Amino acid sequence: QVQLVESGGGLVQPGGSLRLSCSASGFMFSASHINWYRQAPGHQREWVAGITCSRSTTYEASVKGRFFISRDNAKSTVYLQMNSLEPDDTAVYYCNWPRDGGYWGQGTQVTVSS
């Protein structure tokens, strides 16, 4: 079955960096578009970044230039490198395979605070 497992979250000070990982299984990863979303307390889940099978990338405006999405098909893993983190980046981060109604991981908590 399809599984998406996020890791790499934690507590970081403003201006710091984190790298999130999403390990995927159960589908043709190398042929798949993968997204990162996030959900802050009291807010709806929002799209953050996406990467196609050909490694084209797109970003939500507030993270462009600070966040970078990449993939390693040999490891069936997508990464989200997050730099210059701000308190407003605090959220649970989810990876998403947008097929058949969408599959989601369990999420990883990112907290940006001094």
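This note walks through the fold, the sheets, the core and a few single residues of the structure above.

1. **Ground rules.** This is a predicted model, in which local features need pLDDT of at least 70 and side-chain atom pairs count only at pLDDT 80 or more, while totals for chains, interfaces and linings use all residues. Residues are numbered from 1 along each chain as its sequence is written, and side-chain values use heavy atoms, with hydrogens and water left out.

2. **Overall make-up.** The protein has eleven strands and zero helices. Helices (H or I, at least four residues) and strands (E, at least two) are DSSP runs, numbered from the N terminus. Along the sequence the pattern reads β-β-β-β-β-β-β-β-β-β-β. The radius of gyration is 13 Å, close to the 13 Å that the globule rule gives for 114 residues, so the protein is as compact as a globular protein of that length. That radius is taken over C-alpha atoms, and the globule rule is 2.2 Å times the number of residues to the power 0.38.

3. **Span and surface.** The C-alpha trace spans about 40 × 25 × 20 Å along its principal axes. The accessible surface comes to about 5900 Å². Carbon and sulfur atoms hold 48% of that surface. Accessible areas come from the Shrake-Rupley method with a 1.4 Å probe; for residues, only the protein chains shown count as cover. Of the 114 residues, 41% are buried. Buried means under 20% relative accessible area, exposed means over 50%, and partly exposed lies in between (1.4 Å probe, protein chains only).

4. **Contacts across the sequence.** Take the contacts between residues at least 6 apart in sequence: 50% of them join residues at least 24 apart. Contact means heavy atoms within 4.5 Å.

5. **The four-stranded sheet.** Four strands form an open sheet in the order E1-E3-E8-E7, with antiparallel pairing. Strand E1 (3-7) and strand E7 (67-72) stand at the edges with a single partner strand each, so one side of each is left without a neighbour in the sheet. Neighbouring strands are turned by 15 degrees against each other on average, direction ignored. For such angles, axes are lines fitted to C-alpha atoms, for helices over the stretch in contact, and angles run from 0 to 180 degrees between N-to-C directions. Two strands pair if DSSP finds at least two bridges between them. E1 and strand E3 (residues 18-25) run antiparallel and are joined by five bridges. Within that pair, Leu-4 has Ala-24 in E3 as its bridge partner.

6. **Strand E9 and its partners.** How many of the residues in strand E9 (residues 91-97) are buried? Seven of its seven residues are, which leaves the strand mostly covered. E9 pairs with strand E4 (residues 34-39) in the antiparallel sense, over five bridges. Here Asn-35 stands opposite Asn-96 in E9. Strand E11 (residues 108-112) runs antiparallel to E9, with three bridges. Tyr-93 faces this strand, standing opposite Thr-108 in E11.

7. **The E9-E10 hairpin.** Strand E10 (residues 103-104) also runs antiparallel to E9, through two bridges. In E10, Trp-104 is the bridge partner of Asn-96. The two strands form a hairpin with five residues between them. Asp-100 in the turn has a positive phi of about 55 degrees.

8. **The core.** The largest nonpolar core has 27 residues. Trp-36, Leu-80, Met-82 and Tyr-93 have the most contacts inside it. E3, E4, strand E5 (46-51), E7, strand E8 (77-82), E9 and E11 each give two or more residues to this core. A nonpolar core is a set of buried Ala, Val, Leu, Ile, Met, Phe, Trp, Tyr and Cys residues joined through side-chain atoms within 4.5 Å. In soluble globular proteins, nonpolar side chains tend to be buried together.

9. **Two loop residues with positive phi.** Arg-55 sits in the loop between E5 and strand E6 (57-59). Its phi is near 75 degrees, a positive value in a residue other than glycine. Arg-55 is partly exposed, with a relative accessible area of 45%. Ser-84 lies in the loop between E8 and E9. Phi of Ser-84 is near 50 degrees, again positive in a residue other than glycine. Ser-84 counts as partly exposed, at 41% relative accessibility.

10. **Asp-72.** This residue is found in strand E7. Is Asp-72 buried or partly exposed? Asp-72 counts as partly exposed, at 22% relative accessibility. Leaving aside neighbours within four places in sequence, Asp-72 is in contact with Phe-29, Thr-77 and Tyr-79. Asp-72 and Thr-52 are 20 residues apart in sequence and 12 Å apart in space, C-alpha to C-alpha.
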